[in-house]
Amino acid sequence: MDSLDARILLALDDEPDATALALARRLGIARNTLSSRLQRMQQSGALREFTRRVDPALLGRGLVAFVSIAVSQTSTPRAVEILRSLPEVIEMHATTGEADLLVKVVARDTADLHRVTSRILSAPGVVRTSTAISLYEEMPLRIRALIEEVAKG
């Protein structure tokens, strides 16, 4: 990613509904240049799906929890496959340390969280879990400051 790509991302962040022509004019580049760069960023994964911007609380899933999961090493691929199938699992990372996976889940309330964590525990190969409930989001995911650094060149 170069500084022009970063400037394109910042412009999209500022005006997500702007047309390609308006963005190209704002950036002082040809519309075809903008389109090809956007397409390349989508294909590379630099531009992720729009649904990442949706707040799960607006979908009735306001409780956020982080579940550390220890998995039998021979069962990790199957456990990951099952965890991916749970709609309440919204993020998953392979980790070092005592847990093998760190999973961010959302739920309606604590009873619903219990249902979700019970499903996680029943996945083949899951040895144990530890759950921490988020009290509130101190700082949401932020990428803009990183993009601004790249945009500076």
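1. Arg84, Val89, Ile90, Glu91, Met92 and His93 line the second largest pocket. Please keep in mind throughout that this is a predicted model.

2. The space in that second largest pocket comes to about 190 Å³. Strand 2 gives the most to its lining, with five residues. Sorted by class, the lining has three nonpolar, one polar and two charged residues.

3. Now to the largest pocket, which holds about 2000 Å³ of space. Its lining takes in 43 residues, and those nearest the centre are Thr51, Arg52, Arg53, Val54 and Leu141.

4. Which elements supply at least two residues each to the lining of the largest pocket? They are helix 1, strand 1 (63-71), strand 2 (89-94), strand 3 (101-107) and helix 6 (144-152). Strand 3 gives the most, with four residues. In terms of class, this lining has 24 nonpolar, six polar and 13 charged residues.

5. The axes of helix 1 (residues 3-14) and helix 3 (residues 31-44) come within 11 Å and cross at roughly 90°. Angles of 65 to 115 degrees count as roughly perpendicular, and the two helices are therefore roughly perpendicular to each other.

6. Where do helix 1 and helix 3 meet? On the helix 1 side you will find Leu4, Asp5, Ile8, Leu9 and Leu12, and on the helix 3 side Thr33, Leu34, Arg37, Leu38, Arg40 and Met41. The residues of this contact divide into seven nonpolar, one polar and three charged.

How values were computed
Residues numbered from 1 in each chain as written. Predicted model: local features only at pLDDT ≥ 70, side-chain atom pairs only at ≥ 80, totals over all residues. Heavy atoms only, no water. Axes fitted to C-alpha atoms, helices over the stretch in contact; angles between N-to-C directions. Parallel < 35°, antiparallel > 145°, perpendicular 65-115°, else oblique. Contact = heavy atoms within 4.5 Å. Nonpolar A, V, L, I, M, F, W, Y, C, P; charged D, E, K, R; others polar. 1 Å grid on protein atoms, 1.4 Å probe; cavity = no way out; pocket = protein on both sides within 12 Å on 5 of 7 lines; lining within 4 Å. Points joined across faces, edges and corners; volume = space filled by probe spheres on them.
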